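Here is a quick tour of one model, with the sequence and the structure side by side. Keep both open while you read.

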Amino acid sequence: MYTIAALYHFTRFEDPAALKPALLALCGAQSVMGTLLLAPEGVNGTIAGPRAGIDAVIAHLRALPGCADLEWKEATSDKPPFGKMKVRIKREIVTMGQPDVDPRAKVGHYVDPKEWNELIRSPDVAVIDTRNNYEVAIGTFEGAVDPQTESFGEFPEWWEANKERFHNKKIAMFCTGGIRCEKSTNYLIGQGVNDVFHLKGGILKYLEEVPEQESTWEGDCFVFDNRVSVGHGLREGPHMLCHGCRRPILPEDTKHAGYEIGVSCHQCVDETSDADKERFRERQRQIMLAKERAAPDQS
């Protein structure tokens with residue numbers, strides 16, 4: 001059984017690149033896989049591995065400057081959620097492209113999962129999903145506004161174009177684990193919005209803590225590992241990943257004419273060139289060859 005830890009923490013790293021070697025070495029020694037992003041504003045990522053390995057990496061992260069109160073969310077999987085370990089240096093741990101946004105200064109009011117339903121059912125509250133369009137497509141909260149953004153960096157432009165829709169409304173925002181809301185609520189406060197709320201721990205904490213019979217969540221939640229999606233109780237969902245466009249698809253979507261394993265699905269078949277598709281086919285061939293070489297000899 002693999003332990004999965006999703007985490008983020010905003011703090012100030014003077015030299016994030018200097019933190020990479022020790023972190024990468026520790027993950028390797030502890031058989032921990034996944035992706036961690038380091039930037040001047042902090043750390044973000046999802047990792048998976050044995051219980052002792054995850055504990056060791058979390059302890060290491062919490063010992064970094066300003067990270068003593070780092071929090072994380074856990075789940076389990078009987079399959080390896082990741083195939084390798086990556087530690088990447090970025091300008092931002094979640095890209096919004098707004099240099100004046102600083103969640104360490106001020107964020108919206110945190111709302112515990114058990115109090116979320118009452119808040120979003122209030123008639124003076126507008127609920128906004130801050131995730132990307134392909135994530136929203138497979139699940140969201142009832143009545144939530146979908147900005148239909150392809151990336152989080154588009155959110156400020158969307159808000160500027162739509163802010164009049166939310167005049168005299170309280171704003172409740174949510175995302176997968178909470179990190180995007182740290183930035184989006186700080187951004188709205190900077191835009192003069194006074195009553196801003198966000199779901200503490202994100203959708204993942206809500207699905208973990210709120211009983212399904214009491215839930216206002218509809219569908220599944222996209223996650224950035226090999227599980228692809230999860231539902232209530234963080235049970236693994238039915239979705240697969242199209243390796244052509246990295247969007248979630250259902251098993252029945254493989255019956256569409258546009259589906260080709262590792263190459264395209266009905267959502268992206270017309271979005272890529274013939275050269276792209278041939279490149280993806282070659283990648284898929286290499287993946288299959290690697291699997292064949294790794295398979296035990298049955299003779």
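What follows covers a helix pair, some salt bridges and one cysteine.

## Ground rules

This is a predicted model, so to speak of local features takes pLDDT of at least 70, side-chain atom pairs count only at pLDDT 80 or more, and totals for chains, interfaces and linings use all residues. Residues are numbered from 1 along each chain as its sequence is written, and side-chain values use heavy atoms, with hydrogens and water left out.

## Two crossing helices

Take helix 3 (residues 113-120) and helix 7 (residues 202-209): they pack at about 105°, and their axes are 9 Å apart. Helices here are DSSP runs of H or I with at least four residues, strands are E runs of at least two, and both are numbered from the N terminus. The axes are lines fitted to C-alpha atoms over the stretch in contact, with angles running from 0 to 180 degrees between N-to-C directions. Helix 3 and helix 7 are therefore roughly perpendicular (the label for 65 to 115 degrees).

Pro 113, Trp 116 and Asn 117 supply the helix 3 side of the contact, while Lys 205, Tyr 206 and Glu 209 supply the helix 7 side (contact means heavy atoms within 4.5 Å). That makes 3 nonpolar, 1 polar and 2 charged residues; Ala, Val, Leu, Ile, Met, Phe, Trp, Tyr, Cys and Pro count as nonpolar, Asp, Glu, Lys and Arg as charged, and the others, Gly among them, as polar.

## Salt bridges

The structure has 23 salt bridges, meaning a side-chain nitrogen of Lys or Arg within 4 Å of a carboxyl oxygen of Asp or Glu. One of them pairs Glu 41 with Lys 183, with the closest N and O atoms 2.9 Å apart. Glu 41 sits in the loop between strand 2 (33-39) and strand 3 (42-49) and Lys 183 in helix 6 (residues 179-190), so the pair ties together parts 142 residues apart in sequence. Glu 41 counts as buried at 14% relative accessibility, and so does Lys 183 at 2% (buried is under 20% relative accessible area, with a 1.4 Å probe and protein chains only).

Asp 225 and Arg 227 also form a salt bridge, 2.8 Å from N to O. Asp 225 is buried at 7%, and Arg 227 is buried at 7%.

## Cys 181

Back in helix 6, we find Cys 181, buried at 0% relative accessibility. Neighbours within four places in sequence aside, Cys 181 touches Thr 130, Met 173, Phe 174, Cys 175 and His 198.

Notes: Parallel < 35°, antiparallel > 145°, perpendicular 65-115°, else oblique. Buried < 20%, exposed > 50% of the residue type's maximum accessible area, 1.4 Å probe, protein only.
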